Amino acid sequence: MLSAGAVILNYNSANDSIRLANILVNFKSIKKVIIVDNASTDNSRIQLNRVVNSKIKIILNNRNSGYNAGNNIGLKELVEKDSLEICFIINPDVSLSEETIIEVIENFEKHEDYAVLSSIHDGPGIAEEWQWFDRKDWSINLLEICTITRFLQRKFKGKSFGRDRTLEKAKALPKLYEVYGVMGAFLGIRSDILKEIGYFDEDVFLYWEEIILAEQIQSLGKKIGLLNQVKFEHLHDYSRSSVLKNLQTKLILYQSSLVVIKKYATLSTTQRLFWIFSTMVKITEAKSVIFILKIINYK
């Protein structure tokens, strides 16, 4: 069996990271578990140090460098120091069995043309209705940037437009199904592919990671696959955030969108300029409102 390790990126979620690490450490198929703490502001670092053993390593990042950069720290350790062949990215709020890990590894062994593999998933929120990414999700997400196009899209297509890749539909697919992209909460990727693409794109702090990875893999002529005979649970907390927090989240989304538009989107010069301008407007708008809310101490 191909050798494999896992990276857990922690940010103020030590309990979940420890829970997941204690699950993975008992999997014979996982040789190394690395928890990267992305400069947590709580007592995560104290808690995480209690689970260090021969199979679990804690790496403390000196700043919160975002999802891709944080995961890259652990990935480079697994690839360049431990020389493992398959790397798993697993969010702290994920739960899974070793059967899922083994199924992914075995399919990597059987299908050399696949660079990234994941499985179907269950959980609260949008988990059941969005099992994989389609190429058309580009336009859906870009439409969300501009207020006018967002209004028209929701009016004529409905709020669930694009989220039609349901758990029920995924279960009816072939055992291994080629997709454009998979969810970033849990995925396996070949180490040689990571080196070939230069690891994850660190120009984005958060969001769009799956789409960017899909474009990187396609540029190599490799495939991304979804397995439907095993699954993972994504126990994401979708509780309502404050107005300020929501705006800060949207700002990060817009900033990442700008990177995608400039580096990865297939657009004409006119289209690219339009989307860059539209996104810059949204970024400026979000920054202005956040600035005002902070002045009046509105949460």
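**Entry 1: conventions**

I record that residues are numbered from 1 along each chain as its sequence is written, and that side-chain values use heavy atoms, with hydrogens and water left out. In this predicted model, local features need pLDDT of at least 70 and side-chain atom pairs count only at pLDDT 80 or more, while totals for chains, interfaces and linings use all residues.

**Entry 2: confidence and overall content**

I looked up pLDDT, the predictor's confidence in each residue, from 0 to 100. Its mean over the protein is 89, and 87% of the residues reach 70 or more. Over residues 158–162, pLDDT stays under 50; for this stretch the model has 7 contacts (heavy atoms within 4.5 Å) beyond four places in sequence.

I found 11 helices and 9 strands, taken as DSSP runs numbered from the N terminus (helices are H or I, at least four residues; strands are E, at least two). Of the 299 residues of the protein, 52% count as buried. Buried means under 20% relative accessible area, exposed means over 50%, and partly exposed lies in between (1.4 Å probe, protein chains only). Among contacts with a separation of 6 or more, 82% come from residues 24 or more positions apart.

**Entry 3: helices H10 and H11**

I examined H10 (residues 243–263) against H11 (residues 269–295). The two helices pack at an angle of about 155°, and their axes are 9 Å apart. Axes are lines fitted to C-alpha atoms, for helices over the stretch in contact, and angles run from 0 to 180 degrees between N-to-C directions. H10 and H11 are therefore roughly antiparallel to each other; the scheme counts under 35 degrees as roughly parallel, over 145 as roughly antiparallel, 65 to 115 as roughly perpendicular and the rest as oblique.

By class, the contact of H10 with H11 has 15 nonpolar, 4 polar and 5 charged residues. Here Ala, Val, Leu, Ile, Met, Phe, Trp, Tyr, Cys and Pro count as nonpolar, Asp, Glu, Lys and Arg as charged, and the others, Gly among them, as polar.

**Entry 4: positive phi**

I note that most residues other than glycine have a negative phi. Ala39 has a positive phi, near 60°, and sits in the loop between strand E2 (32–37) and H2. With a relative accessible area of 18%, Ala39 is buried.

Trp208 also has a positive phi, of about 70°, although it is not a glycine. I located Trp208 in the loop between helix H8 (191–197) and helix H9 (209–219), where it is buried at a relative accessible area of 7%.

**Entry 5: residues separated in sequence**

I then checked Asp16, which lies in helix H1 (residues 14–24) and is partly exposed, with a relative accessible area of 34%. Its C-alpha atom is separated by 9.9 Å from that of Leu235, 219 residues apart along the chain. Leaving aside residues up to four places away in sequence, Asp16 touches Pro92 and Asp93.

Trp130 is in the loop between strand E6 (114–122) and helix H5 (137–143). Its relative accessible area is 8%, so Trp130 is buried. From C-alpha to C-alpha, Trp130 and Asp164 are 6.5 Å apart in space and 34 residues apart in sequence.

Val52 belongs to the loop between helix H2 (44–48) and strand E3 (56–60). I list Val52 as partly exposed because its relative accessibility is 45%. Val52 and Ala21 are 31 residues apart in sequence, with 9.8 Å between their C-alpha atoms.
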